[in-house]
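Welcome, and please open your viewer. We will go from the whole chain down to single side chains, with something to select at each stop.

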Amino acid sequence: MTRVRLSVAERRAELLAATVEQIEVRGVAAVRIADVAAVLGVSNALVLYHFATKDELVAAAFAHAAESDLAQLHKVLGRRTSATRRLRAAVRWYAPTGPAKGWRLWIEGWASALREPALRSVTRDLDRRWKAALAEVIGEGVAAGEFRCPDPDEAALRLTAFLDGLAVQMTAYPGAVSRARTRSWADEALARELGLSLADFGR
């Protein structure tokens, strides 16, 4: 079967998507250039033409996944509704019960980033941009008088740290925390940061 000739950008995107899938299945340490090539039916040489090393490929794959998630986050936070509703939607999307990123992928990334400077740079940038996006909308809500929050940056840090921790629990120890309890805890954490009650989310 003849393969369709792809542009450089299309080929890179295909390689990155396949790498993300292989990392989720095999883990960062075990995934090989050959695994990515095999799943797409291409040669190792073609993969190495676009990405000189495995470390470069893995870092680019995480950046690719991050950009996709950040685009969705900004879409959720950019809705035409109150800051409170946007924040709740974003937290529910980001939480390990929501449709956000594959948490196994990001836990793999955090672990590998301890040893790989290129990957550490990617994950640190993702973390900074997530927090900045949440802090911006928290600031908008404060300015609009929807709620009180003395430090939006610290609130965003606490929220994401809490949700990341829940994600580790649910991914590493399936069944340790129920999905219903996780959603409830996420709502409670957001309400606490905004000085609201859970009833305020229904307004």
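## The whole chain

Among contacts in the protein chain (heavy atoms within 4.5 Å) between residues at least 6 apart in sequence, 62% join residues at least 24 apart. This is a predicted model, in which local features need pLDDT of at least 70 and side-chain atom pairs count only at pLDDT 80 or more, while totals for chains, interfaces and linings use all residues. Residues are numbered from 1 along each chain as its sequence is written, and side-chain values use heavy atoms, with hydrogens and water left out.

Colour by secondary structure: the protein chain has nine helices and zero strands. Here helices (H or I, at least four residues) and strands (E, at least two) are DSSP runs, numbered from the N terminus. The C-alpha trace spans about 60 × 35 × 35 Å along its principal axes. Of the 203 residues in the protein chain, 43% are buried; buried means under 20% relative accessible area, exposed over 50%, and partly exposed in between, with a 1.4 Å probe and protein chains only.

## The nonpolar core

Next, select Ile 23, Phe 62, Leu 73 and Leu 87, the residues with the most contacts inside the largest nonpolar core, which has 60 residues. A nonpolar core is a set of buried Ala, Val, Leu, Ile, Met, Phe, Trp, Tyr and Cys residues joined through side-chain atoms within 4.5 Å. At least two residues of this core come from each of α1 (8-26), α2 (33-40), α4 (54-77), α5, α6, α7, α8 and α9 (179-194). Which helix gives the most to this core? That is α4, with 12 residues.

Stay on Ile 23 and show its surroundings. Not counting residues up to four places away in sequence, Ile 23 touches Val 28, Val 31, Val 58, Ala 61, Phe 62, Leu 105 and Glu 108.

Packed helices are described by the angle between their axes and the distance between the axes. Axes are lines fitted to C-alpha atoms, for helices over the stretch in contact, and angles run from 0 to 180 degrees between N-to-C directions.

The axes of α1 and α6 cross at roughly 85 degrees and come within 9 Å. That makes α1 roughly perpendicular to α6; angles under 35 degrees count as roughly parallel, over 145 as roughly antiparallel, 65 to 115 as roughly perpendicular and the rest as oblique. Select Val 20, Ile 23 and Glu 24 in α1, which meet Arg 104, Leu 105 and Glu 108 in α6. By class, this contact of α1 with α6 has three nonpolar, no polar and three charged residues. Ala, Val, Leu, Ile, Met, Phe, Trp, Tyr, Cys and Pro count as nonpolar, Asp, Glu, Lys and Arg as charged, and the others, Gly among them, as polar.

Still in α6 (residues 103-113), pick Ile 107. Ile 107 is partly exposed, at a relative accessible area of 23%. Beyond its neighbours within four places in sequence, Ile 107 is in contact with Ala 167, Val 168 and Thr 171.

## Two partners of α7

Show α5 (residues 83-94) with α7: the two pack at about 155 degrees, with axes 9 Å apart. That makes α5 roughly antiparallel to α7. Residues of α5 in this contact include Leu 87 and Trp 93, and those of α7 include Trp 130 and Val 137.

Helix α7 (residues 117-143) packs with α8 (residues 152-172) at an angle of about 130 degrees, their axes 8 Å apart. That makes α7 oblique to α8. Among the residues meeting here are Lys 131 and Gly 139 in α7, and Pro 152 and Thr 160 in α8.

Setting aside neighbours within four places in sequence, Glu 193 is in contact with Arg 148, Cys 149, Ala 155, Arg 158 and Leu 159.

Finish at α2, where Ile 33, Asp 35, Val 36, Ala 37 and Leu 40 are buried. The buried residues of α2 pack against α1, α3 (44-50) and α4. Just after α2, select Gly 41, which takes a positive phi of about 70 degrees.
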